[in-house]
Amino acid sequence: MRRFALIAVPYVWLLALFLVPFIIVFKISLSDLALSIPPYTPTMRDGIGDMFAAFDFENFVFLTEDDLYWKAYLSSLRIALISTFMTLLVGYPIAYGMAKAPDEWRATLMMLVILPFWTSFLIRVYAWMGILSNEGLLNQFLLWLGLINEPLVILNTNLAVYIGIIYTYLPFMILPIYAALDRLDESLNEAAEDLGCSRMQAFWLVTIPLSKNGIIAGSFLVFIPALGEFVIPSLLGGSGTLMIGKILWEEFFNNRDWPVASAVAVVLLLILVIPIVLFQRNQQKQAEAEQ
Amino acid sequence: MTQTVFAPWDDPNQKPLIRFQNVTKRFGEFVAIDDLTLDIFEKEFFALLGPSGCGKTTMMRMLAGFETVSEGRIELSGKDIGHVPPNKRAVNMMFQSYALFPHLSVWDNIAFGLRRDRKSKSEIDARVDEMLKLTRLEKFGRRKPHQISGGQRQRVALARSLAKAPKLLLLDEPLGALDKKLRQDTQFELMDIQESTGTTFVIVTHDQEEAMTVASRVAVMDEGRIIQVATPANIYEYPNSVYVADFIGDVNIIDATATPTGENTYALNWIDGQPPITAETKTTFSAGQQAHLAIRPEKIRISTERPDDAANALQGKVLDIAYLGNLSTYHVQLPGGQVIKAQTANTRRIARRDITWEDPVWISWSATAGVLLEH
C-alpha cells in the first residue's frame, strides 16, 4: 500500500500538471471559434454528448492549408538547431575551462555562470535590446573604435534572435558538460599522450567521447525550450523572424483564436515529444552505464 | 655449467639505458628531487621504493615526460630527453589508476597506442592478439573496462603499455589496487612478462615486499634523495643506514658507543652495567664513536638456557608473543628497558611451548649477525 502511494505521487503530479492541461488544450483545438466567453464552442454547457458530436479536426486541417504554419515550424526547427550548435561551440570551451580551473576558482566560476538567473529573464532580454540596437552599446563601441562607419543593423534580425537564445540558454549547456568533464580522470589524457597522442588528438579521442553524455544533455536542454521560444523572437527578432512560439502568441492574444492556437500548441508538443523521448533514453542509458 | 649473473651495474663497460645526472626538480619552493644521480641498465627490473612524498612518483613522471627537469639532465640511450614530450618518447607507463579508456573495449584500449603509430591493420591485429595472449585476456577483448574484474583491468593496463614495445616501461604502484593474494600471484606474472619481453621495467612502490620480490635492484628513497641502491639481498643484509634497515623489513636497532678491540671487531657499550656487545664490521669506527647495531629478528636466537657458543647473549623477559603461523615473534625486554624482537620459524607443528609470557629468556646472536651503522 505504501509502495503504491509512493509511485502514485509522481503520477498524480504528472496527471494534474501535464495530462489534464494537455487534454483541455487538445479539447479546445477540436472546437470552433465563437464570439462568447470562453471564445470557442462547443463547451460542457452544451451537454457531453453534443460536445463530442461537435468536435472536428478542421483546425489541424487549417494548419496544413496555410503555409505560414509549416514555414514557422521549419524556421523554428532551423533556428533552434543552429542556436543549439552555436551554444555548444560557446559553452564547451567555457565548461572545459571551468573543469580545468584550480579548485579554489571553481565555485566562483560556477557562481558566475548561474548569476544571470538572479535577474529577470525579461530584463536581460531588454538589456540585449539596449546593447544591439542601432544606437546601442555595441554599435557605439565599434564606431568609437573606428571599425565601422555606420551602425550595424543587428536588432530585429535573426542574428539578434541567435544571440539572445545563445545568451539565455548558455548555462543549460555549460552545466551538464562541466559535470561530465569534472568527473574525467586527468590520467586518461596523460595515458593517451603516453601512448602517442598529441594534446589535440587526446582531446578528440578521449575528452570529447567521454563528455558525450554532457554534450547530449546540454544540447537537448537548449534545443527543447529554444524550439518553442517566443519572448526572444518577439523582442529581439524582426518581422522576418518566423518562430512558432511567436505565431502561437499572436493567434492566442491578437486574433483571440483559441482553437487554432491550441492546434498549433498540440502540433508543437508532438514535434517536441521526439527530442524529449530521445533525451530520456540518453539519460537512462547514462544511468545504466554508471551502475 | 657456469651461469652468468645478471649484474650490468657491476660492469664498467655497460652503458646505462637511463641516466639521471644531478637531476633536481622543484615545485615552487618545494624540492621534490634533490641533485639525484642514478643509472638504470637495459633489461633491469628496477624498483623505486620509499614512503609517500619521497619523490619516487616525480622521478617516474619525469621519465614519462609529464614533468620537466628543473636542473640536470635525464638521458635515455645516451640522448637527453629533458624536452621530449611524452608522445615522442619510447617510454610507456602503466598508471596507478590503470587509466583505461572507459569508452573503448579491452581490444581497442590495447590497440590505442598502435593506431597512433599508423601501423597497418594486420600489424595491429597481430600485436593486440599477442598482447591479449601474453596477459591471458583472449576471452575479454570485446568487453568494456567496467565489465571485467580489477585483476583483469590491471592486466589490460599492462598489455596496453607493453603493446608499443617500449624501451622502458614505467609501472606506478601497479599492484596497489589488488588484494594481497592476487598481488602475490601478479608479482610473479610481472616478472615472467618482464623476462619474456626483455623490456626494462621501472616500478614505483611503497610496498617493500613487492620491491624485494620483483626487482633486480631496489633504490630506497627519502625526501627526494636516493639513500641506497642495491640488489634486494644486499639492501636487506647490508643496509647502509638506519633509515634503510628500518624501512626494509623488521629490525632491532641498538644504539651504542664503539671501542675497537681487534681488526674489524668492536666492543659496543650499549648500556651502563651490562657487558658490551661484540660486533664485526668492515667499516672503521674511532674509539668512542656513536654506532647503531642493526640486527634482523630472525638472526636472534631465543632460548631458556644461556647458550655457550654465542658471541652475544643477553638475558631478558618475554613481553609479547606474536604468533604468525609460520613464524613466531618474541618481544623480549632487556634490563635497560629496550625491547628486542626475536623471530623463530615454527618448523615443528606444535608451537614451542617452553617459552611463554613473563618468562626469563636468553637472546643471543653471533658477532656477524648484525650490521654496524654510522647513521
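Begin by selecting chain A of this predicted model, which is divided into domain 1, residues 21-56, and domain 2, residues 63-290. Colour the two domains separately. The centres of domain 1 and domain 2 of chain A, taken over C-alpha atoms, are separated by 37 Å.

Next, turn to the place where these two domains of chain A touch. Here 10 residues of domain 1 are in contact with 8 residues of domain 2. On the domain 1 side, two elements of chain A each give two or more residues: helix H1 (2-29) and strand E1 (32-33). Classed by residue type, the side of domain 1 of chain A that touches domain 2 has 7 nonpolar, 2 polar and 1 charged residues.

Now move to chain B and select helix H2, residues 106-116, together with helix H3, residues 121-134. The axes of these two helices come within 10 Å and cross at roughly 130 degrees. H2(B) is therefore oblique to H3(B). The crossing of H2(B) past H3(B) is right-handed.

Finally, display the side chains of the residues that make this contact. From H2(B), select Trp107(B), Ile110(B), Ala111(B), Leu114(B) and Arg115(B). From H3(B), select Ile124(B), Arg127(B), Val128(B), Met131(B) and Leu132(B). How many of the residues in the contact of H2(B) with H3(B) are nonpolar, polar and charged? The contact has 8 nonpolar and 2 charged residues, with no polar ones.

Definitions and conventions: Residues numbered from 1 in each chain as written. Chains lettered and ligands numbered in written order. Predicted model: local features only at pLDDT ≥ 70, side-chain atom pairs only at ≥ 80, totals over all residues. Axes fitted to C-alpha atoms, helices over the stretch in contact; angles between N-to-C directions. Helix = DSSP H or I, 4+ residues; strand = E, 2+ residues; numbered from the N terminus. Parallel < 35°, antiparallel > 145°, perpendicular 65-115°, else oblique. Left-handed = near helix turned anticlockwise from the far one by under 90°. Contact = placed C-beta atoms within 7 Å. Nonpolar A, V, L, I, M, F, W, Y, C, P; charged D, E, K, R; others polar. Domains from an automatic or database assignment.
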